[in-house]
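I record what I looked up, entry by entry.

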Amino acid sequence: SFTIAIIGRPNVGKSTLFNRLVGQKLALVDDQPGVTRDRREGLGRLGDLEFTIIDTAGLDSGPRGSLTARMQEQTETAIAAADALMFVIDARAGLTPNDRAFADFARRANKPALLLANKSEGKQGEAGIAESYALGLGDPIGISAEHGEGMGDLYDALRELMPEPIEDEDEGDADEDNADDPTRPIRVAVLGRPNAGKSTLINHLLGEERLLTSPEAGTTRDSIAVDVEWKGRRLRVFDTAGLRRRSRIDDKLEKLSVSDALRAVRFAEVVVLVMDAQNRFEEQDLRLADLVEREGRALVLAVNKWDLVERAPSAIGKLRETADHLLPQVRGAPVVAISGLMGEGIDRLIGAIEKAYATWNKRIPTSALNRWFEQATRNNPPPAVSGRRLKLNYVTQTKARPPSFVVFCSRADAVPQSYLRYLTNTLREAFDLPGTPVRITLREKA
Ligand code: GDP
């Protein structure tokens, strides 16, 4: 995806900007023990724009006021990996020699750059903004990363600079029309932390024979898809070259890069999140699950290495409870205990994939939908806002994959999030839509 590096001298607010664009929850940072990374990557969003964002704030540890060789090197690496730059200054502090040094890098990179004059809340940044024209990085955009000011201007500038979003060709109607065709392969991505057992599982699905004949993509990290058939059900499994290579230690780090994960998720109709039963539902697992939900894909949770843990009869039920508790946004997502190594639970996993896929494709008749809607709004009417009653009129399903609905109402901005959650949850229950992302948007009746 389109990649942006945030650069600038220490303390100008790079991390704050990173967090604002990424949202705390989605900062996918590698949590491999013993590995500290000098940069963080995340999935950024601003309005409808999506991009990968690299933060170089980890470099801020250099001696004050100096630009150490290490910082210089890391900044250059980040710049090289980026399609565009966000160059940040502190508008209240004015320009320093370090700003000029970093600006030199940015200019030399010859990549599109946005000059962001941060900490410009109120009028406090005016002098700094005027001064910053001198950096030769174009017109400054005054923002406050901390208070969220100037994001509209940033959006406009970013939109100019980013390529037009390409419609995912696989998202077209053809797929939806063929969704019930059992001979059409379901597109599946297998995600998870390093060592969770993804390769082992994929190898098991592929079988020895196919492993030998599968295309060898060589040294590139290009993604490929392999077709797998399991008892008559065809799956097209997204793979990254090297996933099936014997992974070397240094490869493991790369496997979780945000852009890889995002590419896999966008490719997939169903994402299988593989967790290690010995340490399941870790932070990173939850972030990946959240990414899947945000991208609107169906999710199946596979708890792997089940052969290594004690299997009390109640264990599966407990997994279910934990999943619903930690991942309320995909309540009811299927949880399957497997052993990729021993080949246990694979039939159930394939069954769960098929079921999740069917749920994700579900269309609900409008009449049934409105019967549910009347009852749900009668049982728990929407709250009045500043003394005025809020009227919800009716609901309609706009699309499947994932199931998406529009509720027509008198004042869209007055419906609280908690009420939307209530509607979403009762809708899930009424129409048996466990696990799948469900989208409800509000529209004012014309
Ligand atoms: P990946 O990084 O997610 O692709 O993980 P790998 O497939 O390379 O597996 C990491 C390690 O866990 C390897 O040593 C595997 O043999 C082992 N492993 C994977 N699945 C299982 C399983 O179901 N049971 C057991 N006991 N070990 C497993």
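**Entry 1: a buried isoleucine.** I began with Ile79, which is buried, with 21 other C-beta atoms within 10 Å. I use "buried" for 20 or more other C-beta atoms within 10 Å of a residue's own, "exposed" for 12 or fewer and "partly exposed" for values in between, with C-beta atoms placed from the backbone. Ile79 sits in helix α2, residues 69-81. Helices (H or I, at least four residues) and strands (E, at least two) are DSSP runs, numbered from the N terminus. Leaving out residues up to four places away in sequence, I found Ile79 touching Ala5, Ile7, Leu85, Phe105 and Ala109. A contact here requires C-beta atoms, placed from the backbone, to lie within 7 Å. Phe105 is 26 residues from Ile79 in sequence, and their C-alpha atoms are 8.5 Å apart.

**Entry 2: basis of the model.** The model is predicted: local features need pLDDT of at least 70 and side-chain atom pairs count only at pLDDT 80 or more, while totals for chains, interfaces and linings use all residues. Residue numbers start from 1 along each chain as its sequence is written. pLDDT is the predictor's confidence in each residue, from 0 to 100. The chain has a mean pLDDT of 81, and 80% of its residues reach 70 or more. I noted an ipTM of 0.94 and a pTM of 0.63. Over residues 166-172 pLDDT stays under 50, and the model has two contacts there beyond four places in sequence. Residues 241-255 also stay under 50, with 25 such contacts.

**Entry 3: the chain as a whole.** I counted 14 helices and 15 strands. Of the 446 residues, 36% are buried. Among contacts with a separation of 6 or more, 71% join residues 24 or more positions apart.

**Entry 4: helix α1 and its flanks.** The buried residues of α1 (residues 14-22) are Lys14, Leu17, Phe18, Arg20, Leu21 and Val22. They pack against β1 (3-7), β2 (40-46), β3 (49-55), β4 (84-90) and β5 (113-118). Gly23 follows α1 and has a positive phi, near 80°. In the loop between β1 and α1 I found Asn11, which has a positive phi of about 70° although it is not a glycine. Asn11 is partly exposed, with 13 other C-beta atoms within 10 Å. Lys119, in the loop between β5 and α4 (126-132), also has a positive phi, near 60°. Lys119 counts as buried, with 24 C-beta neighbours inside 10 Å.

**Entry 5: a three-stranded sheet.** The strands run in the order β13-β14-β15 in an open sheet of mixed pairing. β13 (392-399) and β15 (439-444) are at the edges with a single partner strand each, so one side of each has no neighbour in the sheet. Two strands pair if DSSP finds at least two bridges between them. β13 and β14 (residues 404-409) pair in the antiparallel sense over six bridges; Leu392 has Cys409 as its bridge partner in β14. Pro402 lies in the loop between β13 and β14, and the peptide bond from Arg401 to Pro402 is cis, with omega near -5°.

**Entry 6: the ligand shell.** I found 16 residues around the ligand, the closest being Gly197, Lys198, Ser199, Thr200 and Leu341. Helix α7 (residues 198-213) supplies the largest share, three residues.

Conventions
A residue is near a molecule or strand if its C-beta atom, placed from the backbone, lies within 6 Å of it.
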